[in-house]
Amino acid sequence: MTETATAETTFNGVPLNQLFPEEKLGWHGYVEWEDQPERKRIASEILKTKKFSPFPEFQLIPIPDTNPVLIGHRWKEYHEALGLKSIVDFSWATVLKENPGMIHLLDFPYNGEPPRDQLINGKITDNLWHFVRNHGGIPDIEEEAFELEIGGLVNKPVKLRMTDLKDPSKFPQAEVTVTIQCSGTRRIEQIQEYPGDGDELINAPWGEGAIGTAVYRGVPLKKVLKIACGGVLPEAQHLEFIGADTYFKKGDVYNYAVSVPWRKVRQNEEVLLAWEMNGKPLPKIHGYPLRVVVTGYIGARSAKWVYKINALAEASMGPVQRQEYLYYTQQIGKQNAKYSNGFSIQNMPVSSAIISPLDKQVIIHDGHIELKGWSYSGGGNWVERVEVSPDGGHVWYAVDQDNMTEKHYHAWRLWKIKLPVDAEGWLEFCVRSWDSSNNTEPTFVRSAWNWDLHVTSSCHRIKVYSVNTSRPATAKRLAEIESRGDSFNPLTLPLEWALEDRDEYLAAVRKHPREPLN
C-alpha cells in the first residue's frame, strides 16, 4: 500500500479477523459478503480511508518484458486493508505449485496463459498449461467440509455435499469436452492499435493463449435442479452462480457472482457442475472442489469455487454480470460509456489464431511454410472450415480436413497447413474460420475494436520474414554465412563482411549501367 494505506489490524477497536471472519470450518480464504450487508458496508468504509496504488499504464507505453508481466499492487492492497493478506499469499503459492511455467500476465488476482509452444500440443490442454483467469484470490476449501446451497425461485431449497453430487445413484454424471475462452483473448491486438479502458484486471493484455480445452466430469445443473429441488418456479429465468472468492469493484466488496439464462441450463449438458478436469480432481486454481462449466459462453460465466446457486427472475446484479463484459459500439468510450449502453457478452463468436510461426519470426524454407493454430466457435457452433492467406487476405487456402482435429459441439479444432511461398522478405499471413452457422471473422482488428477491448474476433495476423532457399542467390548467401561460422539471426544484425567482391560488383553494374547511354 501507499504511505497513507498502511495495514491496520483493527477498525474502531474491533480486530479485522472478527469483522471479516472465516466462519466455516475447512473453508480458508472465504469470506461471506452477499448475505452480510453490514459487513460489506464496514469494508467499504475501511477502503474509503485508504489511498491505494494507481492504475498501471500498459497500453500507451510498452508492456513490461517481465514475468510476472503486471503486478496487482492495488488488489493486494485491497485485501491487506481488510486483513486478508493470507489470501494473497496462498494464491501465489498455489500458482507456483500448479502452474509455475505460465506467462504470468497478472500475479494477483492471478491471470496466466501458456507459452505458445505448449498451447497446441494436443486437442486436450494439459491442466499444467490451461490458461487461468481469476477475479479474486484462490480459496482453500476442503472437499469434506464443502456444501452447495441452491435457493431462490426453486420449489425446494437444498444443501448438497460433494458426496451427494458425486453419487451416480442420485444424479446422472456427464463427461463433456469443452473449450473455455476468455473474452479478452487476443486483446493485445486491440491495445497495440487502438487502446481502450485500462484496468489491469478487467482488461489484461491477453495474447492468443487465453483459451484451453479440457474434458470435464460432473453433473448437469438441469438434473440437480430437477432431482434435488423439484424444478424451478415458473418465474425463474436466470441461474446465478456465486463463488467463494472475494471481489472488489469501485470501492465495494462482493463475492464473485454471474448468471446464465434458464434456457441455457435447460440444454442439459451445456451447464455442468464439475469436479474433475482431464481425469483428475479440479486443481485449486481452477475451482476445486466445484466449479460451473458453461459451454460456448465467455469464460467469466463458468464460475469457480461455486458454493451457492440462486434461481432468479432477472440476471444477477453482481458487477461482473452487469457492469463488466459489456460490448460497446465504437462511438462509446471514456466520454460516454455507461453500464446500460453496452450489451452483456454471452456466446463467443467464431475466432482463430496462428500459433506457429510467431509474429516477426524469420522463416528459412524451401518454398513452403507450415502454419499451425486453433479455431473455435461458441454457442454450440463448431468450426467447419479454416482458411489461411499468405498475402494479408487476398488469396485464401483452405486447411485440409485431415489436418484438423475432430469436431466437437463445444470445443476448438487445431489445424496445420503447408503453404506454397515463393516471395521473400516481410509477408503477412492471416487466418479466418467459418463455423457451422456460416459465420466468419471480420477482416481487420479495427472492425472488432470496442472500448472494453473484448472479443478480438478479427482475422489473426502475423508478419514473418521469408527466406526462400529454393532461390539460388539466397542459397549461396546462406552457405556463405554458414561457412564463416555466422548465423542469419538476429535478422537486424548487419553482416560484418563485404556483400560481394569488387570484380563481381563492377561486372554487374557495367552490364546494367545506372544511367542511359544517351
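**Cavities, helices and a sheet**

Author: Let us begin with a lining: by class, the second largest cavity is lined by four nonpolar, six polar and no charged residues. Please keep in mind throughout that this is a predicted model.

Reader: Which residues line the second largest cavity, and how much space lies in it?

Author: Rolling a probe the size of a water molecule over the atoms shows where empty space is left. Here the second largest cavity holds about 50 Å³ of space, and its lining includes Gln 181, Cys 182, Met 348, Pro 349, Val 455 and Ser 457.

Reader: What is the volume of the largest cavity, and which residues are the closest to its centre?

Author: The largest cavity has a volume of about 220 Å³, and of the 21 residues lining it, Arg 133, Arg 291, Gly 299, Ser 302 and Lys 304 are the closest to its centre. Its lining has ten nonpolar, seven polar and four charged residues.

Reader: How are helices H3 and H4 set against each other?

Author: Two packed helices are described by the angle between their axes and the distance between the axes. The axes of H3 (residues 73-81) and H4 (residues 85-98) come within 7 Å and cross at roughly 135°, and the two helices are therefore oblique to each other. In their contact, Lys 76, His 79 and Glu 80 of H3 meet Lys 85, Ile 87 and Val 88 of H4.

Reader: In what order do the strands of the open sheet lie?

Author: The three strands have the order E4-E5-E6, with antiparallel pairing. Strands E4 (103-106) and E6 (132-133) each have a single partner strand, so one side of each is left without a neighbour in the sheet.

Notes: Residues numbered from 1 in each chain as written. Predicted model: local features only at pLDDT ≥ 70, side-chain atom pairs only at ≥ 80, totals over all residues. Heavy atoms only, no water. Axes fitted to C-alpha atoms, helices over the stretch in contact; angles between N-to-C directions. Helix = DSSP H or I, 4+ residues; strand = E, 2+ residues; numbered from the N terminus. Parallel < 35°, antiparallel > 145°, perpendicular 65-115°, else oblique. Contact = heavy atoms within 4.5 Å. Pairing = 2+ DSSP bridges. 1 Å grid on protein atoms, 1.4 Å probe; cavity = no way out; pocket = protein on both sides within 12 Å on 5 of 7 lines; lining within 4 Å. Points joined across faces, edges and corners; volume = space filled by probe spheres on them. Nonpolar A, V, L, I, M, F, W, Y, C, P; charged D, E, K, R; others polar.
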